[in-house]
Amino acid sequence: KRTLNVLHDIEPIEAQYFVEICPFVFDYYVIDSIFKDNTFPYGKMLSLMECGLFAQARSGRSYSEGTLLSIKGKTLCLNGPVLDKNVDFYSGYSMTDAGTQIFEIIQADSNRGYLTQIQQDLKKRFNIDTYIDYCKKEGL
C-alpha cells in the first residue's frame with residue numbers, strides 16, 4: 001500500500017531523479033561520496049527522501065568477519081573474499097521498502113566508474129582485493 005501511495009504522490013521530476021540515481025545504488029544503498037563530488041546533487045536526494053523513496057536518516061554500512069563480500073547493483077557486482085575482520089565501510093542512505101520495490105522494476109545499468117571507486121576505497125582503507133563482475137540474473 002505504501003508503494004502505491006508513493007507512486008501516486010511522486011512528482012515527474014522526482015521520478016526522473018530516482019531513475020538518475022539508480023545506477024549508483026548498491027545493496028539498496030547510496031554512499032555519501034556520490035554527493036561530495038557532486039556526481040548526484042544532494043538537493044535531489046532530499047527530494048527523494050521527502051517523497052519516501054530513501055530513508056531520511058543517514059546510516060552506516062558494515063560487514064562482519066566471516067561474511068563473503070558482495071556488493072550488488074542492478075547489473076554489476078563487486079565481489080571479494082570472506083572477510084577476516086569486521087569492516088565499517090561507508091555511510092549513506094538506504095532505500096525504503098517502497099524505493100526497493102520500485103528500484104526492482106527500473107531498467108538501469110550499474111555505474112562501473114562509481115563501483116571502481118568503491119573497489120579502490122576498499123583496497124586503500126582495508127587492503128581488501130575485489131573484482132567487478134556481472135550480477136547473476138536474479139539481481140539483488
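## Close-up views of a predicted model

**View 1. N38 sits in the loop that links helix α3 (33–36) to helix α4 (42–50).** Helices (H or I, at least four residues) and strands (E, at least two) are DSSP runs, numbered from the N terminus. This is a predicted model, in which local features need pLDDT of at least 70 and side-chain atom pairs count only at pLDDT 80 or more, while totals for chains, interfaces and linings use all residues. Residues are numbered from 1 along each chain as its sequence is written, and side-chain values use heavy atoms, with hydrogens and water left out. What is the phi of N38 near? It is near 60°, a positive value in a residue other than glycine. Most residues other than glycine have a negative phi. N38 counts as exposed because its relative accessibility is 51%; here buried means under 20% relative accessible area, exposed over 50%, and partly exposed in between (1.4 Å probe, protein chains only).

**View 2. Y28 is a second stop in a loop, the one between α2 and β1 (29–31).** Y28 is not a glycine, yet has a positive phi of about 55°. Is Y28 buried, partly exposed or exposed? Its relative accessibility is 24%, so Y28 counts as partly exposed.

**View 3. Helix α5 (residues 97–105) has A98, G99, T100, I102 and F103 as its buried residues.** An α-helix has 3.6 residues a turn, so residues three or four places apart point the same way. The cover over the buried residues of α5 includes α1 (2–9) and α2 (12–21). Take T100, which belongs to helix α5: T100 counts as buried because its relative accessibility is 18%.

**View 4. Strands β3 and β4 make a hairpin, with three residues between them.** Strand β3 covers residues 68–72 and runs antiparallel to strand β4 (residues 76–82), with four bridges joining the two. Two strands pair if DSSP finds at least two bridges between them. In a regular strand the side chains alternate between the two faces of the sheet. Which residue in β4 is the bridge partner of S70? It is N79.

**View 5. Stepping back, the protein chain holds six helices and six strands.** From the N terminus on, their order is α-α-β-α-α-β-β-β-β-α-α-β. The radius of gyration (taken over C-alpha atoms) is 15 Å, close to the 14 Å that the globule rule gives for 140 residues, so the chain is as compact as a globular protein of that length; the rule is 2.2 Å times the number of residues to the power 0.38. Along the principal axes, the C-alpha atoms fill a box of roughly 45 × 30 × 25 Å. Of the 140 residues, 45% count as buried. Among contacts between residues at least 6 apart in sequence, 76% join residues at least 24 apart.

Definitions and conventions:
Contact means heavy atoms within 4.5 Å.
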